[in-house]
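Dear colleague,

Please read them with the coordinates open.

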Amino acid sequence: MKKLINGILEFRKNVLADYKETFARLALNQRPDTLFIACSDSRVVPNLFASTNPGDLFVVRNIGNMIPPCQDIQALGGTGSVAAAIEFSLNILNVSSIVVCGHSECGAIKALINGRENIELVNLRNWLKFGDPLFDQPKTSLIFDEHVNPQNRLSQRNTILQMEHLKTYPIVQKFIDEKKVTLHSWWFDIATADVYAFEEEFQKFVLIDETEAPRILAKLD
């Protein structure tokens with residue numbers, strides 16, 4: 001908490017002036033172009049590794065970057081913060097991209113590997129059920145780099161799984177069919193601060209560098 005308070009003072013003293021105009025504009029409206037679904041892990045900071053400014057991303061963060069399938073939300077009477085964010089970002093904010101971003105050394109994935117039934121915290125145990133299909137279904141044809149350890153391989157597979165959950169929402173499928181939105185699976189390596197994008201044609205996560213970035217951008221045109 002001390003770091004937060006001192007950070008606010010530092011922001012007011014040395015940074016705020018540079019953002020005055022930006023925040024004054026954002027006070028009237030927000031127009032992010034991307035819904036960014038990431039893990040709550042404190043080491044994963046999308047605005048930092050993607051060099052984005054306030055107003056650029058509509059961010060949803062939860063443990064394990066999970067997306068409950070639409071049918072699960074309907075069974076609960078339509079309640080769910082992730083589902084609400086999906087609807088709001090597409091219908092109201094008109095985002096043109098959705099990114100689901102997993103990361104290395106994910107605690108949620110480690111907990112799943114150790115057995116969800118062994119988790120004592122009830123709400124956490126129930127929430128992580130959206131990762132159960134990782135073990136229920138045959139392994140995908142995903143190709144992994146040699147340096148990616150088993151836990152991180154499962155984390156990459158989870159990112160793909162949650163993307164499949166995202167596609168169960170009729171509003172998402174509608175926007176895909178109308179070519180109003182593009183979907184992207186990313187994976188952040190904490191140790192190197194590298195970001196990888198899943199390329200379906202290669203069936204692997206590819207480092208977003210000077211070669212990969214143009215490939216992604218070309219698909220947005």
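Of the 23 residues in the largest nonpolar core, those that touch the most other members are Leu35, Ile67, Ile86, Leu90, Leu166 and Tyr169; such a core is a set of buried Ala, Val, Leu, Ile, Met, Phe, Trp, Tyr and Cys residues joined through side-chain atoms within 4.5 Å, where buried means under 20% relative accessible area, exposed over 50% and partly exposed in between (1.4 Å probe, protein chains only). At least two residues of this core come from each of β1 (34–39), β2 (57–62), α3 (70–75), α4 (81–91), β3 (97–103), α8 (150–166) and α9 (170–177), with helices (H or I, at least four residues) and strands (E, at least two) taken as DSSP runs numbered from the N terminus. The most is given by α4, with five residues. A second, separate core has 13 residues, including Cys39, Met66, Leu128 and Phe130.

This is a predicted model, in which local features need pLDDT of at least 70 and side-chain atom pairs count only at pLDDT 80 or more, while totals for chains, interfaces and linings use all residues. Residues are numbered from 1 along each chain as its sequence is written, and side-chain values use heavy atoms, leaving out hydrogens and water.

As for the cysteines, a search of the whole structure finds zero disulfides (pairs of cysteine sulfur atoms within 2.5 Å). Cys106 is buried, at 3% relative accessible area, and its sulfur lies 4.3 Å from the closest cysteine sulfur, in Cys39, which is too far for a bond. Cys70 also counts as buried, at 9% relative accessibility.

Best regards
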